[in-house]
Amino acid sequence: MTKKTQDLKPDTVLKNYWNNNEQFADLFNAVLFGGEQVISPDELEDADTEESSVLEHREYAESIKASRDSIKICKKSLTHGVEFVMLGMESQEHIHYAMPMRVMGYDYGTYKKQYDSNAKKYQTKDGMTDDEYLSRMKQTDRFTPVITVVVYYGDNPWDGATTLHGMLNIPDRMKLFVNDYKMLLVEARQNNLIFHNMTNIAFFDMLKVVLDKSITKNEAKEKVIKYALEHNVDKTVVMTVAGATNRKIDYNALSMKGDVTMCTLFDEIEKDGEAKGIIETGFDFGLSENDILQRLQNKLNVSLQKAQEYFEMFGKQTV
């Protein structure tokens, strides 16, 4: 029997979405250049997302494992003398209060990988000064810069730090001397970015509606259905919106046309949210699994099998 519903993991669907060079380039043009078409999709190439490295300090060494969501190399001179730029992107479903430090770690890993690769060229001291050989780097060597953008898909305003300084308790007199590290943050729920790619426009327009807490779920559903139908939004974009906001969708519904498709999809999204709330409340009040299942059936008018699916999906997240 074919599985009717499919859980779409946010990291999976978003990696797939941003793997598209047209959408990736459009995002970075919006964030970095106010929508000006500086980065061209055909100038982008995929790069290794693995950024693990070894942090060494005298006799101490610690391996650091890290993997980016997406990173591409832009082969173009964007500024004076720069021929290559590395563009990294991180997707966040939840607020991460250490995100500036995480971004700093990702960027460090990118630079450390370049340094290690460059250092392999210098196995002997031939043509090098003592300081260069000790550094395993010539004075004229230069690495490729990296720019990281964080896209946040949560429905609460980002209230975490966006700089390393924001994570630190620094006496005012010392701030000038403590190095800062800034991250570029995009909130899907609310931003003024200028997109040109029609897929990105639809994607972020729909996300803003789904994540808008100032309107009811029914109002959001009606607005998104209307938008999707009027703009003939491709089902893959709808699937990405559902995945980015950690929803479950009905593939059979998506294969249909017109109002039925969107109504079924967003009814499913709405029920997911209600089911999660019922399960969380049940755990808070110490209810048994059977009692929670009964409440799910009564409140959502679903079968025992469907209630068990909800419990399996959201119960593990709550415990």
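Accessible areas here come from the Shrake-Rupley method with a 1.4 Å probe, and for residues only the protein chains shown count as cover.

Some ground rules before you click on. This is a predicted model, where local features need pLDDT of at least 70, side-chain atom pairs count only at pLDDT 80 or more, and totals for chains, interfaces and linings use all residues. Residues are numbered from 1 along each chain as its sequence is written, and side-chain values use heavy atoms, with hydrogens and water left out.

**Whole chain.** Switch to cartoon view and you'll have 11 helices and 9 strands (DSSP runs numbered from the N terminus: helices are H or I with at least four residues, strands are E with at least two). Of the 319 residues, 41% are buried, meaning under 20% relative accessible area; exposed is over 50%, and partly exposed lies in between (1.4 Å probe, protein chains only).

**The sheet.** Next, select the open sheet of 5 strands, ordered β2-β5-β6-β7-β8 with mixed pairing (two strands pair if DSSP finds at least two bridges between them). At the edges are β2 (44-46) and β8, each with a single partner strand, so one side of each has no neighbour in the sheet. From one strand to the next, the twist averages 25° (axes are lines fitted to C-alpha atoms, for helices over the stretch in contact, and angles run from 0 to 180 degrees between N-to-C directions).

**Strand β6.** Now pick residues 84-92. How many residues of β6 are buried? 8 of its 9. Strand β5 (residues 70-75) pairs with β6 in the antiparallel sense over 6 bridges; click I71 and you'll find G88 of β6 opposite. With β7, the pairing of β6 is parallel, over 7 bridges. Two spots to check are M86, opposite V146 in β7, and E90, opposite V150 in β7.

**A surface patch.** Last stop: select M174, L176 and F177, a nonpolar surface patch with about 400 Å² of accessible area together. M174 sits in the loop between β7 (146-152) and β8 (184-187). Is M174 buried or partly exposed? Partly exposed, with a relative accessible area of 47%. Patches take residues with over 30% relative accessible area and no salt bridge, joining like charges within 9 Å and nonpolar side chains (Val, Leu, Ile, Met, Phe, Trp, Tyr) within 5 Å; a salt bridge is a side-chain nitrogen of Lys or Arg within 4 Å of a carboxyl oxygen of Asp or Glu.
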